[in-house]
Amino acid sequence: MMKHEYLSTVDLLARLIGTKTAKRLYVGGSLTPFFKPQEGDPHYERILAAGELVRRWMYEQMDRGPALLNPASVRDYLRLLFAGEEREIFTVLFLDNRHRVIAVERMFFGTIDGANVHPREVVKRALRHNAAAVILSHNHPSGVAEPSQADELITRRLKEALLLIDIRVLDHLIVGESVVESFAERGLL
């Protein structure tokens, strides 16, 4: 039996969904099309289940603590969390004082180009989780991860509201098609 780490991505996918489907979905050297199956695809449910299993595994890794010391792991988790979403979703990662994940909540759902975010609700959930810090995140279904003025405004409002109760906003990440933009790295926090 061959070790899985030596198999190509197509070969690994073939073990899950068959060679023909694997070659069809693994387009341009990217797994993104794999995690965006079309309804009616005979492997639709299997692909969604595989994506959910990977998302849960990544959450377990983050939940153990060290993963948040690596921003790439958070980005990867968020890419997977938002993969295939056709509307904007605002999500908050609630963290303890050692920046370990307490909870991840999808809090606000919008349309293809926006979601109404209510600071009061974020504050209530942060207090309920006894969070010491948060990482804010949302997706841009357009695929462009560039922060808008509305994104910058809500980030400031959330930071101010959470600061009143001694909860730090560590970052706000915007997930696009192939990139995740960080407010902290851009100096916007």
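**Entry 1: a glycine to start from**

I looked up G110 and found 17% relative accessibility, so G110 counts as buried (buried means under 20% relative accessible area, exposed over 50%, partly exposed in between, with a 1.4 Å probe and protein chains only). Before going on, I noted that this is a predicted model, where local features need pLDDT of at least 70, side-chain atom pairs count only at pLDDT 80 or more, and totals for chains, interfaces and linings use all residues. I also noted that residues are numbered from 1 along each chain as its sequence is written, and that side-chain values use heavy atoms, with hydrogens and water left out.

G110 sits in the loop between β2 and α5 (119–128). The labels come from DSSP runs numbered from the N terminus: helices are H or I with at least four residues, strands are E with at least two. Leaving aside residues up to four places away in sequence, G110 touches R87, E88 and A115; contact means heavy atoms within 4.5 Å. I also checked G110 against F90: they are 20 residues apart in sequence and 8.3 Å apart in space, C-alpha to C-alpha.

**Entry 2**

Which residue stands opposite F90 in β2? I found F108 there. Both F90 and F108 are buried.

I then looked for aromatic pairs, and the structure holds one. F90 and F108 form that pair, tilted, at 6.1 Å centre to centre with 55° between the planes. F90 lies in strand β1 and F108 in strand β2, so the pair ties together parts that are 18 residues apart in sequence. For the record, rings of Phe, Tyr and Trp (its six-membered ring) pair if their centres lie within 6.5 Å; planes under 30 degrees apart count as stacked, over 60 as edge-to-face and the rest as tilted.

**Entry 3: the hairpin and the sheet**

β1 and β2 form a hairpin with five residues between them, and H99 in the turn has a positive phi of about 65°. Strand β1 (residues 89–95) runs antiparallel to β2, with seven bridges joining them; two strands pair if DSSP finds at least two bridges between them. I found F94 opposite A103 in β2 as well.

Then I stepped back to the open sheet of five strands, whose order is β2-β1-β3-β4-β5 with mixed pairing. β2 (101–109) and β5 (180–182) are at the edges with a single partner strand each, so one side of each has no neighbour in the sheet. From one strand to the next, the twist averages 20°.

**Entry 4: a helix across the strands**

Helix α4 (residues 71–82) lies across the sheet strands β1, β2, β3 (133–139), β4 (168–175) and β5, at about 50° to β4. Helix α6 (residues 149–163) packs on the sheet too, touching β1, β3 and β4, and its direction makes about 160° with that of β4. Axes are lines fitted to C-alpha atoms, for helices over the stretch in contact, and angles run from 0 to 180 degrees between N-to-C directions.

The buried residues of α4 are V74, R75, Y77, L78, L80, L81 and F82. Just after α4, G84 takes a positive phi of about 80°.

**Entry 5: the whole chain**

Of its 189 residues, 42% count as buried.

Terms used. The expected span of a helix is 1.5 Å times one less than its number of residues.
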